[in-house]
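Work through the exercises below with the structure in view. Try each task before reading its solution.

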Amino acid sequence: MRFSYYPGCTDHSSSLEYGLSTHEVFKTLGVELVEIEDWNCCGAAATHSLNRLLSLCLPARNISKAQSAQAGPLVVPCAGCFSYMKRTEYVLKNDEAGRKEIEEIVGFKYEPSLEILALMDVILNRIGLEKVQEKVKKPLKGLKPACYYGCALVRHPKITQLDDPENPQYLDRVMKALGAEPVEWSYKTDCCGADLAMTYSDVVKKLVGRIVSMAKEAGAQCIVTSCGLCQMNLEMRQDMGLPIFYFTELMGVAFDVEKKENWWKKHLISPKPLLDSLGR
Amino acid sequence: MKKSGENLSLCYQCLKCTAGCPTAAYMDIRPNNIIRMIQMGMKKEVLGSSAIWFCVYCQTCGTRCPNEIHIGVLMDALREMAIEEGIPAKEKNIHLFHEAFIQSVRRGGRAHEVTMLMDYIFRSRDLMKDSLFPGVKLFLKGKFPLLPSFIKGRDEIKRIFEKCTKEK
């Protein structure tokens, strides 16, 4: 099994440990990820805020690269990148005039057969939880994570077509397969404030504070996410010391892969005490 | 209304958008009122509002709207209109941050935090004192590489940027 892989800009920066753990986990699962050649930024939140056409064309260049690579469906780990790729895909598929305009600007011909998938969708629905469970060496018994999906994976549901927008279950199911006991809580898809963190950090502190305190109140020992910006905001803008994992990191812990120490060093809130207390 | 492609006349003011909005408390005009004011033709007030800049496109409103009005898409269209019409952003720094991000992508094809933040600080004179300390910590953890990575297809990116700005 192999997939085209779009790492996204934060793979080399603020979410280094997400990329590192993803590669380790996929190596263990025996699934190949082929990085698309010379990929560019998806445009992120800034671009659609100021220039709609540009925000559709930047992801389109990556889609064209994935088409020519012919290495299978395109997998996007970052929730933000995923949502912008899907947004462009939605226009390419459903708006003929929009498609023609994008094709002309980017210089390619869109092939609707290329699938664009979120990383957790691939794990859940392509690789399958049975295969995941086969690889579990040290089940996450006793670990109570709060699964946090944020905005980008599940909204708008017509575009991302991934899980329920109010009470999603994908991450919870992966965590259960690893032996963890995810808590029930109501803040799974509440916004962390995204890039307002840079201009209005006090607003983001309030939003993050509410999410983290609600996770704690529900009995969670940590939060699990799949978005680089959510992870950074949740770690940086709280003062409650609750560890924030990428879900692939916890998969790596359950698979007992090597080099995990390198991931923990990248965290602002060290997850080591929690993992030590569970004997991991 | 035409620019966003959304049918705003369907709105019956149920307020679900504003109730679920994470940043409504900081907006000068709440999302439901933005729609009402557009219906009433109050263009200047809407385009000059802080609300259009405080929207973070979380899409909670658009997902919950019983009339399927995609308010996030509407907010994007309003920001773009404000820029086109030369109306200064009421939230100047939010606009400048987006601008610094986009310029970073234009230069190298990928976003680069260090040069982007320096560009933002230079443009806005906002010293980001709340983010400085944790930012330095992340830098020391190797999470903010000093040098940007340039992609090979920078000419393609340049062409895409030119076409997307010219055709507006």
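The exercises that follow concern a predicted model.

**Exercise 1. The domains of chain A**

Task: State how chain A is divided, and describe the contact between its domains from the side of domain 1.

Solution: 
1. Start with the bounds. Domain 1 of chain A covers 2-118, and domain 2 covers 134-277.
2. Next, take the separation. Over C-alpha atoms, the centres of domain 1 and domain 2 of chain A are 23 Å apart.
3. Count the residues in contact. Domain 1 of chain A contributes 23 residues and domain 2 of chain A contributes 26.
4. Find the elements on the side of domain 1. Two or more residues each come from α1 (16-29) and α4 (79-94) of chain A. Of the elements, α1(A) gives the most, with ten residues.
5. Sort this side of domain 1 by class. It has eleven nonpolar, eight polar and four charged residues.

**Exercise 2. A sheet in chain A**

Task: Work out the strand order of the three-stranded open sheet in chain A, and explain why one side of each edge strand has no neighbour in the sheet.

Solution: 
1. Read the order. The strands of chain A run β5-β6-β7, and the pairing is parallel.
2. Identify the edges. β5 (145-147) and β7 (244-246) of chain A each have a single partner strand, so one side of each lacks a neighbour in the sheet.
3. From one strand to the next, the average is 35°.
4. Look at one pair in detail. β5(A) and β6 (residues 222-225) of chain A run parallel and are joined by three bridges. In β6(A), A:Cys222 is the bridge partner of A:Pro145.
5. Place the helix. α12 (residues 247-255) of chain A lies across β6 and β7 of chain A, and its direction makes about 80° with β7(A).

**Exercise 3. Chain A against chain B**

Task: Which elements of chain A each supply at least two residues of the side that touches chain B, and how does that side divide by class?

Solution: 
1. Begin with the totals. The contact involves 45 residues of chain A and 48 residues of chain B.
2. List the elements. At least two residues each are supplied by α2 (44-50), α3 (52-69), α5 (96-106), α9 (196-199) and α10 (201-217) of chain A.
3. Pick out the main contributor. α2(A) gives the most to this side, with seven residues.
4. Divide by class. The side of chain A that touches chain B has 24 nonpolar, 13 polar and eight charged residues.

Conventions
Residues numbered from 1 in each chain as written. Chains lettered and ligands numbered in written order. Predicted model: local features only at pLDDT ≥ 70, side-chain atom pairs only at ≥ 80, totals over all residues. Domains from an automatic or database assignment. Contact = placed C-beta atoms within 7 Å. Helix = DSSP H or I, 4+ residues; strand = E, 2+ residues; numbered from the N terminus. Nonpolar A, V, L, I, M, F, W, Y, C, P; charged D, E, K, R; others polar. Pairing = 2+ DSSP bridges. Axes fitted to C-alpha atoms, helices over the stretch in contact; angles between N-to-C directions.
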